[in-house]
Amino acid sequence: MASPAVNIAYSQIPSSALQAATTRVASAVKRSTALILGRPGGGKGTISNKILKDYDDQFHHLSTGDVLREHVRNKTKLGEEAHSYMKAGALVPDDLMIRLLNDAKQSIDYDKGLLLDGFPRTVTQAKALEHTTPVDMVINLVVPIETIVERISDRWIHPSSGRVYSYSYNPPKVEGKDDVTGESLIQRDDDRPECVRKRLETYEETTAPLIDYYGERGILKSFKGTKSDVIYVDVKEWLETKLD
């Protein structure tokens, strides 16, 4: 006799209320925060772009590198503070990076989740981030070191926008020129093979521990390979299980 009573009570709920409840549940799923990890030059940007193309209704992309460059370029208060450390050759402090991230979050709608790229880079940063932006899922890209050295050594960038090109994978439409502005591309000094290896060593020392940190929380999945198009097939399959 209990079941009919439940059915009657349920039927008395206005359809508008049910729809609103459904929307809130859907929004809660959409507002998941995803983080993409991987060695420098391991395809994080490429995979991020593919995710955003397929899940445009689910994620806002938030690259702390892009946010930092924008603040420095616009000479904002946060940008000037960050630039003072950069000019001195020092790392931007964790608390300032968190403030930059929180500031960027204010300018995006809360109808979607976040896809974080470039931050956190250390376990200390990850713990600080948990207070304001808890991470729900982590995509860890595992690309061989030699593949990365070869890939980065072939990389050219558009300085003001950060757009990246590779003559072996993603060449510009006109050699040496940015596709959007037509301005000249440059190759950074730290894209030389010896510098690349040094950056990879730094990553292993400081950022790789994040793999254990998030792995212990059961929210990390690693994807191995040498080609982003192939890796993404598995990434997308995993995301489908997390976003349903």
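The side chains of Glu-81 and Arg-99 meet in a salt bridge with an N to O distance of 2.8 Å. This pair links distant parts of the chain, Glu-81 lying in helix H5 (residues 77-87) and Arg-99 in helix H6 (residues 94-106), 18 residues apart. The model is predicted: local features need pLDDT of at least 70, side-chain atom pairs count only at pLDDT 80 or more, and totals for chains, interfaces and linings use all residues. Residues are numbered from 1 along each chain as its sequence is written, and side-chain values use heavy atoms, with hydrogens and water left out.

A salt bridge here is a side-chain nitrogen of Lys or Arg within 4 Å of a carboxyl oxygen of Asp or Glu. By this rule the count comes to 13 salt bridges, including those tabulated.

| Pair | N to O distance |
|---|---|
| Glu-81 and Arg-99 | 2.8 Å |
| Arg-39 and Glu-204 | 2.8 Å |
| Asp-178 and Arg-163 | 2.9 Å |

Buried means under 20% relative accessible area, exposed over 50%, and partly exposed in between (1.4 Å probe, protein chains only). Arg-39 is buried at 18%, whereas Glu-204 is partly exposed at 34%.

Helices (H or I, at least four residues) and strands (E, at least two) are DSSP runs, numbered from the N terminus. In helix H3 (residues 44-54), the buried residues are Lys-44, Ile-47, Ser-48, Ile-51 and Leu-52. Seen down the axis of H3, these residues fall within an arc of 135° (taken from the directions from the helix axis to the C-beta atoms), so they line one face of the helix. On the other side of H3, Asn-49 and Lys-53 are exposed.
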